[in-house]
Amino acid sequence: MSDPQNGVPTPVEAPRGAVIAAIIPDQSPRVVTEAARYAKLQGVPLVIAHVDVTRFVTYEDPDGVPHTAPIDINVDAGAEELAAVTEQVARHLEGSGVEWSTTQLVGDPALALKHFAQKIDAPLIVLGTRKRGFGESLREFFTGSVAARLSHRQHRPLLVVPVEEPVADDKDIWEED
């Protein structure tokens, strides 16, 4: 289902009790395959959630349909990213036997995932770690860790999947690779 005003898919048709995997374009396939594994273990569907940070919710109808507005003039950025995420997930889950769907959320990733998980009564939220490096560390300094913010603002279990090789104990985690 899409928001008729601005064509952004809405999460109102997502299956109740589904595992949520927060996925970004070009992310390590480990995140989606781990999420699929847990969905399969629990016998529930998997919902792939992409959060469009270039849009924000302006208001929500009583039936739960959000109306959004772009922050940026490139209003198709989120749609392009969702298409890329859907294509990469389809490739990685082909033949897995897991029922899955995608949805696009908007705004702050931690808050969007929290509200969506509450709406569908998700048993688990799966997300990946951030990339290493100074730029990502600086971004996280200002915006905060999505995983940390989720862990403090809602009651559902989180599975944080490492997306890169671990840093050796004697190395600085802030160094560029």
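Buried residues (under 20% relative accessible area with a 1.4 Å probe, protein chains only; exposed is over 50%, partly exposed in between) make up 40% of the 177 residues in this protein. Bear in mind that this is a predicted model, in which local features need pLDDT of at least 70, side-chain atom pairs count only at pLDDT 80 or more, and totals for chains, interfaces and linings use all residues. Residues are numbered from 1 along each chain as its sequence is written, and side-chain values use heavy atoms, with hydrogens and water left out.

**Overall layout**

There are 5 helices and 7 strands, taken as DSSP runs numbered from the N terminus (helices are H or I, at least four residues; strands are E, at least two). Along the sequence they come in the pattern β-α-β-β-β-α-β-α-β-α-α-β. Taking contacts (heavy atoms within 4.5 Å) with a separation of 6 or more, 73% are between residues 24 or more positions apart.

Five strands build an open sheet in the order 5-2-1-6-7, with parallel pairing; two strands pair if DSSP finds at least two bridges between them. Strand 5 and strand 7 each have a single partner strand, so one side of each has no neighbour in the sheet. From one strand to the next, the twist averages 25 degrees. Strand 2 pairs with strand 5 in the parallel sense over 7 bridges, and leucine 46 sits opposite tryptophan 100 in strand 5.

Helix 1 (residues 29-42) lies across strands 1, 2, 6 and 7, and runs at about 180 degrees to strand 1. That angle is between N-to-C directions, on a scale from 0 to 180 degrees, with axes fitted to C-alpha atoms, for helices over the stretch in contact.

**Arginine 156**

Look in the loop between helix 5 (146-153) and strand 7 for arginine 156. This residue is buried, with a relative accessible area of 9%. Its side chain makes a polar contact with that of aspartate 121 at 3.3 Å; such a contact is a pair of N or O atoms within 3.5 Å, one able to donate a hydrogen and the other to accept it. Leaving out residues up to four places away in sequence, arginine 156 touches Ala117, Gln118, Asp121 and Ala122.

**Confidence**

pLDDT is the predictor's confidence in each residue, from 0 to 100. Its mean over the protein is 77, and 66% of residues reach 70 or more.

Over residues 1-12 the pLDDT is below 50, and over residues 137-143 it stays under 50.
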